[in-house]
Amino acid sequence: MKILYLVIPCYNEEEVLPITKEALKKKMEDLIENKLISKESKVMFINDGSKDKTWELIEKYNDEDKLFTGVKLSRNKGHQKALLAGLMTAKKYADIVISMDADLQDDINVIDKMLEENNKGNEIVYGVRSSRKKDSWFKKTTAEGFYKLMKIMGVEVVFNHADCRLMSKKVLEELEKFNEVNLFLRGIVPLIGFNSSIVTYERDERKAGTSKYPLKKMLSFAWDGITSFSVKPLKMITALGFLTVFISIIMIIYTLVVKILGSTVDGWAFIMVSIWFIGGVQLISIGLIGEYIGKIYNETKHRPRYIIEKELK
């Protein structure tokens with residue numbers, strides 16, 4: 001039987017963690033009892049620099065029951081890096097790892113489906129939302145728009161898949177070779193290859209606490225995903241530059257024709273609009289190029305993506 005580790009990133013989750021702990025305890029015990037996973041399987045909570053009592057709760061659960069273990073990062077590094085820290089730590093002990101959010105919005109019963117798919121020979125199993133009926137119109141529109149935009153930009157992502165997925169030790173060993181600082185696991189994992197499959201589930205409401213992904217963070221995450229995996233925005237700047245030059249040539253010809261015909265044109269407003277337009281395009285272009293240069297700068301420093309302060313056994 002395979003050793004399963006559930007990797008659960010946590011940031012200020014003291015309100016929901018007791019509920020999560022009980023639900024996962026029952027699920028893991030059922031899986032062990034039914035001999036679907038090894039008795040050495042564990043739930044690993046990753047404390048991403050929480051400011052509340054999240055880590056104290058994790059230590060308490062570990063003292064009470066060795067089914068639970070934990071990793072404490074030295075400071076807040078963000079969801080993706082905390083998740084990676086958990087995956088790389090769990091890789092040392094587990095045959096397969098499933099990552100899920102701490103808020104229990106991911107249906108824990110999807111674990112059974114993932115194990116079935118893994119037993120069929122799939123090294124990666126993606127958990128995909130079956131629908132977004134419970135989302136607001138704005139949330140649904142922006143989320144689905146993000147996946148469509150990523151596809152247009154040439155980034156390979158699984159539609160409506162977040163970070164609920166199963167990966168084998170083999171996959172995690174390959175994932176370790178990806179050294180980028182600007183992490184976007186939803187884009188990296190499909191690049192690894194191997195046999196993969198999809199299981200669907202209904203995403204539930206958060207059991208307690210508040211979302212750690214407000215609109216600002218969601219937009220930042222989406223932007224990181226695009227700029228980390230696609231150079232199409234740079235190509236769009238080039239295309240816009242050629243379009244601007246083409247329009248400028250037309251305007252030069254128009255101006256010469258008007259001058260030859262001797263027409264008097266009051267062009268002040270048009271000139272001002274043109275200057276502002278071209279200036280705006282230039283600033284946006286420089287800013288976009290700066291984003292890519294900034295990412296290159298971060299990558300070349302080779303700073304550690306996370307630092308583990310403490311690991312529970």
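## Exercises on a predicted model

The largest cavity has a volume of about 40 Å³. Keep in mind that this model is predicted; the mean pLDDT of the protein chain is 80, with 74% of its residues at 70 or more.

**Exercise 1.** Find which residues line the largest cavity, and sort them by class.

*Solution.* Start with the search of the whole structure, which turns up one cavity of 30 Å³ or more. Next, list its lining: Ile8, Thr20, Leu24, Met100, Asp101, Leu104, Asp106 and Ile108. Then sort them: five are nonpolar, one is polar and two are charged.

**Exercise 2.** Work out where the partners of the salt bridge between arginine 186 and aspartate 163 lie, and decide whether arginine 186 is buried or exposed.

*Solution.* First check the contact: the two side chains meet in a salt bridge at 3.6 Å, N to O. Now place the partners: arginine 186 belongs to helix H7 (residues 185-192) and aspartate 163 to strand E6 (residues 161-168), so the pair ties together parts 23 residues apart in sequence. Finally, apply the cut-off: buried means under 20% relative accessible area. Arginine 186 is buried because its value is 16%, and aspartate 163, at 5%, counts as buried too.

**Exercise 3.** How far apart are the closest N and O atoms of glutamate 29 and lysine 25, and in which helix do both residues lie?

*Solution.* Begin with the distance: the closest N and O atoms are 2.9 Å apart, and the pair forms a salt bridge. Then locate both residues in helix H1 (residues 17-33), four residues apart, about one turn of the helix.

Note on methods: Residues numbered from 1 in each chain as written. Heavy atoms only, no water. 1 Å grid on protein atoms, 1.4 Å probe; cavity = no way out; pocket = protein on both sides within 12 Å on 5 of 7 lines; lining within 4 Å. Points joined across faces, edges and corners; volume = space filled by probe spheres on them. Nonpolar A, V, L, I, M, F, W, Y, C, P; charged D, E, K, R; others polar. pLDDT = per-residue confidence, 0-100. Salt bridge = Lys/Arg side-chain N within 4 Å of Asp/Glu carboxyl O. Helix = DSSP H or I, 4+ residues; strand = E, 2+ residues; numbered from the N terminus. Buried < 20%, exposed > 50% of the residue type's maximum accessible area, 1.4 Å probe, protein only.
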